[in-house]
Amino acid sequence: MCGIIGYIGTRPAAPILLEGLRRLEYRGYDSAGLAVLDGGELAVRRRVGRVADLARAVPEDQPGRLGIAHTRWATHGGVTEANAHPHLDASGRIAVVHNGIVENMARLRERLAAEGVRFRSETDSEIIAHLVARYYFGLAAGSDTVPPDLQGDPVESVRAALSRLRGTWGIAVMFADHPDLVVAARNGSPLVVGLGDGETFLASDAHALVPYTRRVVFLQDGELAVLGAAGVRTTRLDGASVSLDVHELEEDWGDGERGDFPHFMLKEIHEQPEALRQCISGRVQPEQATAKLGGLDLSPRELVGITRVGLIGCGTAYHACLVGATAIEQLARVPARAEIASEFRHQNPSIDPDSLYFAVSQSGETADTLGAVKEIRLKGGRVMGVVNVVGSSIARECGRGVYIHSGPEMAVASTKAFSNMVAALYLFTLQLARARTLGPHEGRRFAEELQRVPALVEEYLAAPGPIDALVRMVLDARVVLFLGRGLSSAVAAEGALKLMEVAYVPCIAYPAGEMKHGPIALLEEGTPVIVIAPRDHLRDKTRSNIQECRARGARIALIHTAGDDIAELADVAIPVPETSEWFTPLLTVLPLQLLAYKAGLALGRDIDRPRNLAKSVTVE
Ligand code: F6R
C-alpha cells in the first residue's frame with residue numbers, strides 16, 4: 001500500500017508531486033508528505049490526513065525542481081505526523097519514501113540504535129534513511145567499517161543499504177548534496193519511471209504519470225534506478241547492467257476525473273455500460289459463435305487439453321471468480337474453482353501442469369494474488385492475468401492474460417471492475433466451451449446475449465427502482481442478511497461487501513439454502529434480508545427461503561427479474577431487466593452497488609475513501 005511519486009527536471013517540483021499524490025491517493029490516505037530540494041536544503045512537509053491537507057501546508061511558490069513524495073496507508077506505526085513520509089536521516093540531508101515492509105526491522109533497528117541512531121518515528125521505513133546515511137557518511141561503529149569508496153556516493157550507499165534489508169520495497173531517495181539525481185529501487189512494490197523532455201518522473205502507478213508523459217519504464221524486482229533530468233539508468237541490485245525497456249502507454253479511455261458526479265463511486269457505477277462495451281468489443285467472433293482473447297494465446301488443442309481451471313482473487317475480484325468458476329464448469333464442463341488468494345498461496349497447493357489458472361485483479365498489484373501467481377509459476381503451472389491496470393505487476397508476472405478494460409477505477413469500492421472481470425471470464429467461458437462442448441447455436445445465443453448486456457445495464461441505471469426504500473431498511477439495522485443461490489450467491493457476497501465497506505453496516509452473505517443451518521437464528525421482527533432471486537432455475541427454491549424469512553418477521557428486499565410475480569413476497573422489490581440466466585449477476589449487482597453508495601451517503605461516510613481501506617493492498 002502507499003503511493004510514491006518523484007520528479008527531477010526544469011519545472012517547480014511541488015505542484016507535480018502534489019498532483020501525483022492526488023492521483024495515487026487511492027493507495028493510502030492516512031497521511032501524506034513531500035521533500036523538495038530548495039537552495040541546497042531539503043524542504044519537508046508532512047501532514048496527517050489527505051493530500052489536500054498537505055497541499056495547504058506547501059507554499060504556492062515553493063522553489064525546487066527535484067523532489068519525492070508519499071501517501072501512506074499505515075502498517076508499522078500509527079497515523080501520526082512523525083510516522084508520515086518522507087523520513088530523514090539524522091543530518092536531515094537524506095530523505096526516503098518507502099512502500100513495502102522491512103521484515104528484519106527489529107534487528108536492524110536494534111543495531112542502529114546501538115550505533116547511536118535516535119529514531120523519530122515508529123516506522124520500518126525510517127531505518128532505510130539511517131542505513132543509507134550510515135554508508136554515505138561512513139557512520140559505522142566498532143569493527144563494522146564502511147568501505148571508503150561508498151562514502152559520498154549516493155547510488156552505492158543506497159545499494160549497500162538495500163543489501164541489508166529483507167522484505168519488500170519501492171523506494172525513492174534524494175540527497176541534499178546531489179541536485180542532479182533521485183535514486184529509486186524496487187523489490188515487490190511497483191515503481192514506474194516516466195520519461196519526459198528534459199524531466200523524469202517516478203510513480204507507484206503509471207496512471208499518476210499520464211498528465212506528463214506516456215513513455216514509461218516499469219522497474220523490475222531487484223532493480224535500482226538513477227533518475228536524472230535527462231533520463232534514467234537502471235542496474236540490478238548486484239550492479240549488473242540491464243537494458244532499458246521503454247513502453248508507450250496506450251490511450252486509456254475514462255479520464256480518472258470525477259466530472260459532474262459528486263463521487264467517483266457513482267461515476268464508475270454509471271460507466272458500466274461503456275466499460276462493458278470496451279471489454280467485449282472486438283472479442284466476440286460471430287461467424288464461429290465464439291470469443292477470441294488474443295492475450296491468452298491458447299490454440300484449440302491447448303483449450304481442449306485443459307483439465308481444471310482455478311480462479312484466484314481477493315475481495316470483489318474473488319466474487320467475480322465465483323461467478324466465472326460456475327460458468328466455466330457448467331458451460332465448458334471443466335472442473336473450475338474460485339480461490340481466495342491469501343488462503344491459496346499458503347496452502348502448498350498441488351499444481352497440475354494441465355490446469356489453467358487465472359489471477360483476477362483490478363489493480364494488478366494485490367500482494368496475495370501476486371504471491372499466488374508466483375507460487376503457481378514456481379510449481380510449473382500456467383497462470384494468466386485477468387487484470388485492469390496495464391503493465392501492473394500481476395499482468396507482467398503472468399506474461400499472458402486478458403485486460404478487462406474498465407478504464408481507471410478511482411473509488412476504493414470496486415464496481416465497474418467487478419462487471420468487467422465477470423464479462424472477461426464469460427468471454428473465456430465461451431471460447432473454452434465452444435472448443436469443447438457447446439454447439440454453434442448455443443454459442444451464438446450466449447454471445448448475442450452478452451453483447452446485449454451493456455444496453456440492459458444502461459436501461460436499469462436509467463430507472464433504478466426504489467433504492468431509497470432499500471436504504472431506509474438498512475440504515476439502523478444491527479445486521480443485514482444477503483441471500484442468493486448459484487450465481488446469485490456470489491452477487492449476495494458482493495452486495496454485502498459493498499454495503500460493509502462503504503456504509504460500515506454489518507452484513508452477512510449466505511447461499512440461501514444454507515441459511516437454515518445457522519444464520520436464520522439472527523432473524524427477528526424487522527431484520528432486513530436482501531434476496532437476489534432473478535428468474536433462473538433456482539428461483540423457486542429461493543422463493544421458499546423468502547417464505548422462511550417472512551415467517552420469522554424479517555423484512556424482505558428482493559432483487560428480481562422485471563415482471564416476475566415473486567415480487568409479491570417482498571416489502572421492497574427492485575426489478576432488473578430480463579436476461580439469460582448466465583448474465584443475471586451483471587444486472588442484479590447494480591441495485592446493490594447503488595444501495596451501498598446511497599446508504600454511505602445517508603450515513604455521512606467518506607464514499608470514495610472508506611476508513612481503513614486502500615485501493616490496492618500491496619501487503620500480505
Ligand atoms: C472491494 C474492493 C476490494 C478489492 C480487493 C482486490 O470493493 O475493492 O475487495 O476487490 O482488494 O483488489 P484487486 O482487484 O485490485 O486485486
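A polar contact is a pair of N or O atoms within 3.5 Å; within protein, one atom must be able to donate a hydrogen and the other to accept it, and residues adjacent in sequence count only if both atoms are side-chain atoms. The model is predicted, so local features need pLDDT of at least 70 and side-chain atom pairs count only at pLDDT 80 or more, while totals for chains, interfaces and linings use all residues. Residues are numbered from 1 along each chain as its sequence is written, and side-chain values use heavy atoms, with hydrogens and water left out.

**Ligand site**

| Residue | Protein atom | Distance to a ligand oxygen |
|---|---|---|
| Gln-362 | backbone N or O | 2.6 Å |
| Ser-414 | polar backbone atom | 2.9 Å |
| Glu-501 | polar side-chain atom | 2.3 Å |

On its own the ligand has 410 Å² of accessible area (Shrake-Rupley method, 1.4 Å probe; for residues, only the protein chains shown count as cover), and the protein covers 91% of it. Helices (H or I, at least four residues) and strands (E, at least two) are DSSP runs, numbered from the N terminus.

**Domains**

An automatic or database domain assignment gives domain 1 (3-249), domain 2 (264-462) and domain 3 (467-602).

Taken over C-alpha atoms, the centres of domain 2 and domain 3 are 25 Å apart. Their contact (heavy atoms within 4.5 Å) takes 31 residues from domain 2 and 28 residues from domain 3. Between them the two domains bury about 2500 Å² (accessible area, 1.4 Å probe, lost on being put together, summed over both), and 77% of this is on carbon and sulfur atoms. Met-265, His-319 and Tyr-460 supply 24% of the area that domain 2 buries against domain 3, more than any other three residues.

**Backbone geometry**

The peptide bond from His-85 to Pro-86 is cis, with omega near 0°; Pro-86 is in the loop between strand 4 (66-72) and strand 5 (87-88). Asn-348, although not a glycine, has a positive phi of about 45°.
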